[in-house]
Amino acid sequence: MIFSWIFDNFIISCHSRLLSEGFVLKILESKNIGFCFGVSRAVDIAIETSKNTNRIVTFGDIIHNPQVVEFLENKGIVSIDNLDDINDLNQLIIRSHGVGPKVFEECKKIGVKVIDATCPYVARIQKKARYC
């Protein structure tokens, strides 16, 4: 639903601009449209986790999409950019594009349970990068 609204407004904007320039726009609708696997997985993890607790915190925006971030905030899923902002919470969701190993180490040190929503493809690349 959110993606559809963004897509519709983008098409209207582009179509108006092209028409004013004398172009004709032919719209072909893709059979497959939406978020990639890693993003969908991260959002699903956040929503499922929110069913078991009042307030969920993610380390940074869970995905790079302000409309989805706002949707999640309305469900009580908020982001922080600093581990000092965790306060009395005991769990943290890692965003879809992952974090560095120091964040995991710090969470372990302060006793925060990590729910890792990093895209598996991103995690695989991060693991390979550690050994370079």
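A residue is called buried when its relative accessible area is under 20%, exposed when this is over 50%, and partly exposed in between, with a 1.4 Å probe and protein chains only. The structure is a predicted model, in which local features need pLDDT of at least 70 and side-chain atom pairs count only at pLDDT 80 or more, while totals for chains, interfaces and linings use all residues. Residues are numbered from 1 along each chain as its sequence is written, and side-chain values use heavy atoms, with hydrogens and water left out.

The protein chain holds five helices and four strands. Helices (H or I, at least four residues) and strands (E, at least two) are DSSP runs, numbered from the N terminus. Read from the N terminus, the order of elements is α-α-β-α-β-β-α-β-α. Of the 132 residues in the protein chain, 30% are buried. The chain exposes about 9,400 Å², of which carbon and sulfur atoms supply 54%; accessible areas come from the Shrake-Rupley method with a 1.4 Å probe, and for residues only the protein chains shown count as cover. A contact is defined by heavy atoms within 4.5 Å. Among contacts in the protein chain between residues at least 6 apart in sequence, 55% join residues at least 24 apart.

At 1.5 Å a residue, its 14 residues should span 20 Å, and the end C-alpha atoms of α2 are 20 Å apart, which agrees; the expected span is 1.5 Å times one less than the number of residues in the helix. The buried residues of α2 are Gly38, Val39, Ala42, Val43, Ala46, Thr49 and Ser50. These residues cover an arc of only 130° around the axis, which puts them on the same side of α2. The arc is that of the directions from the helix axis to the C-beta atoms. An α-helix has 3.6 residues a turn, so residues three or four places apart point the same way. The packing partners of the buried α2 residues are β1 (56-59), α3, β2 (77-80), β3 (91-94) and β4 (113-116).

In α3, the buried residues are Val68, Val69 and Leu72. They cover an arc of only 100° around the axis, and therefore lie on the same side of α3. Pro66 and Asn74, on the other side of α3, are exposed.

A nonpolar core is a set of buried Ala, Val, Leu, Ile, Met, Phe, Trp, Tyr and Cys residues joined through side-chain atoms within 4.5 Å. The largest such core has 13 residues, of which Ile62, Ile63, Leu72 and Ile93 touch the most other members. Leaving aside residues up to four places away in sequence, Leu72 touches Val43, Ile47, Ile62 and Ile77. Another core, apart from the largest one, consists of 12 residues, among them Phe59, Ile86, Val99 and Cys107.

Cys107 is located in helix α4 and is buried, with a relative accessible area of 0%. Beyond residues up to four places away in sequence, Cys107 touches Leu83, Leu92, Val112 and Val114.

A disulfide is a pair of cysteine sulfur atoms within 2.5 Å, and a search of the whole structure finds zero disulfides. For cysteine 36, the closest cysteine sulfur is that of cysteine 119, at 5.9 Å, too far for a bond. Cysteine 36 is partly exposed, at 48% relative accessibility, whereas cysteine 119 is buried, at 7%.

Two loop residues were also examined. Serine 96, in the loop between β3 and α4 (101-110), counts as buried at 6% relative accessibility. With residues up to four places away in sequence not counted, serine 96 touches Gly38, Val39, Ala42, Ile62, Ile63, Ala117, Thr118, Cys119 and Val122. Aspartate 85 is found in the loop between β2 and β3 and is partly exposed, with a relative accessible area of 40%. Aspartate 85 and valine 57 are 28 residues apart in sequence, and their C-alpha atoms are 9.6 Å apart in space.
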